[in-house]
Amino acid sequence: MAYYETTHVPGRHFLQIPGPTNVPDRVLRAMDNPTMDHRGPDFGKLGARILGNLRKVFQTEGPVIIYPASGTGAWEAAMANTLSPGDTVLMCRTGWFATLWREMAERLQLKAEFIDTDWRRGADVAGIAEALAKDTAHRIKAVCVVHNETSTGCTSRIDEVRAAMDAAKHPALLMVDTISSLASIDYRHDEWGVDVTVAGSQKGLMLPPGLSFNAISKKALAAAETAKMPRSYWDWRPMLAANETGFFPYTPGTNLLYGLDAAVSMLLEEGLANVFARHDRHAEAMRRAVRAWGLETQCAEPRHYSSSLTAVRMPEGHSADGLRATILARCNMSLGNGLGQLKDRVFRIGHLGDFGDLQLIGTLGGIEIGLRAAGVPHAPGGVQAAIDYLAGNA
Ligand SMILES: Cc1ncc(COP(=O)(O)O)c(C=O)c1O
């Protein structure tokens, strides 16, 4: 039962939005401990362990900063620490979240050059290459890409973006939003030469909302020394100084950090490669179900299929929000809504975080009941297609 439920519905609520995700019991138990002195000696040991283990999740040897903030805060921190008012940033409009990041850039007095897409695929790498090749004066100071666009279920190829930047010999920083991919889709901060990785607690990390992250390269740290954007709360420098000994310059989200400690341990015990393979397998099962229903995924490019969520397009004349309301009322399950230009046109299934085969079958079962109850034209057999795939691919 959800904490605040106006009408009790028997059975466990299925929270299958693409984040916040379900929090495992081990993480809930860890947070359910007395808040400790964040300036006391034990805290330093805990902080140092968390900050060390976190690097493995980002696949980096460099520092990772933890803010008591939602992901939007970490977006701002990435820009405020490395850029100056009037700088140009190259951004890819892969969907709703990329659009919001651009709006923030403009509010921070950056000039955003936007490369458009049809919201059905990842970032346009050829477009990035072209824009960088034209920029012989190196006006572009950062290339900003959302790794996994949560509004569309399309994952951009960061390795290819890096290769395009290298081929153009362009010195811009590379900033990547991994809010709905970290710890669910393979992501390599160091190997892909990313300068700032932005992440949040409430998706692949299996925590409640409230923490966000910046993983930082040496080049980004150097940029922070000369960047002129005013910054105070988001300033990396006091944070990095305090983090040396496992502490924070202001009051950290202590109980969320207990949860983070437990969640990161769970991920490392499972092994990151296994975590990514589990998400890939579940995403494939979801897509097979969608295909069996005769419906279409929003992502039209198989190389960009997301392993953390699937956005499903509604047949013409049918309301995604109507279907979601039916599913909530009939099956006690929340699915993600369509955002921006996809409002009412798609529903989004989250299959990231603490998620197993039976949650997947339950999720698809609820959708199939809802499709029938709401009179949405579809073929039966989506659940069966997923079972066939999962059973044959242990
Ligand atoms: C890809 C992406 N970027 C940014 C955000 C914004 O994060 P938050 O809502 O935690 O501020 C979200 C939230 O869902 C997201 O999915």
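Me: Let's begin with the open sheet of three strands. What order do its strands have?
Reply: Good place to begin! This is a predicted model, as for everything we discuss here. The strand order is β11-β12-β14, and the pairing is antiparallel.

Me: Which strands stand at the edges?
Reply: Those are β11 (296–297) and β14 (346–350). Each has a single partner strand, so one side of each has no neighbour in the sheet.

Me: And over how many bridges do β12 and β14 pair?
Reply: Strand β12, residues 309–313, pairs with β14 over five bridges, in the antiparallel sense. To pick out one of the partners, look at arginine 313: its bridge partner in β14 is valine 346.

Me: Nice, found it. Changing topic: which residues are around the ligand?
Reply: The residues there are Ser70, Gly71, Thr72, Trp75, Phe97, Val146, Asn148, Thr150, Asp177, Ile179, Gln202 and Lys203. By class, that shell has four nonpolar, six polar and two charged residues.

Me: Which helix gives the largest share of the shell?
Reply: Helix α3, residues 71–82, with three residues.

Me: What about the side chain of threonine 72, how far is it from an oxygen atom of the ligand?
Reply: An N or O atom in the threonine 72 side chain is 2.5 Å from a ligand oxygen. Threonine 150 also has a side-chain N or O atom 2.5 Å from an oxygen atom of the ligand. With aspartate 177, a polar side-chain atom lies 2.6 Å from a nitrogen atom of the ligand.

Me: And how much of the ligand does the protein bury?
Reply: The protein buries 86% of the 390 Å² that the ligand exposes when taken alone.

Me: OK, on to aromatic rings. How many aromatic pairs are there?
Reply: The count is eight, taking ring centres within 6.5 Å as a pair. In one of them, tyrosine 187 and tryptophan 192 have ring centres 5.6 Å apart and planes at 90°, so this pair is edge-to-face.

Me: Are those two residues buried or exposed?
Reply: Buried, both of them: tyrosine 187 has 1% relative accessibility, and tryptophan 192 has 12%.

Me: How are the rings of tyrosine 233 and tyrosine 250 arranged?
Reply: They are stacked, because their planes are at 15°, with centres 4.9 Å apart. The pair links distant parts of the chain, 17 residues apart. Tyrosine 233 is in the loop between α7 (218–226) and α8 (236–243), while tyrosine 250 is in the loop between α8 and α9 (254–270). Tyrosine 233 is partly exposed at 37% relative accessible area, and tyrosine 250 is partly exposed at 21%. Ring pairs also join Tyr67, Tyr233, Trp234 and Tyr250 into a cluster.

Note on methods: Residues numbered from 1 in each chain as written. Predicted model: local features only at pLDDT ≥ 70, side-chain atom pairs only at ≥ 80, totals over all residues. Heavy atoms only, no water. Phe/Tyr/Trp six-rings, centres within 6.5 Å; stacked < 30°, edge-to-face > 60°. Buried < 20%, exposed > 50% of the residue type's maximum accessible area, 1.4 Å probe, protein only. Helix = DSSP H or I, 4+ residues; strand = E, 2+ residues; numbered from the N terminus. Near = heavy atom within 4 Å. Polar contact = N/O pair within 3.5 Å; in protein donor to acceptor, adjacent residues only side chain to side chain. Areas by Shrake-Rupley, 256 points an atom, 1.4 Å probe, with all protein chains shown as cover. Nonpolar A, V, L, I, M, F, W, Y, C, P; charged D, E, K, R; others polar. Pairing = 2+ DSSP bridges.
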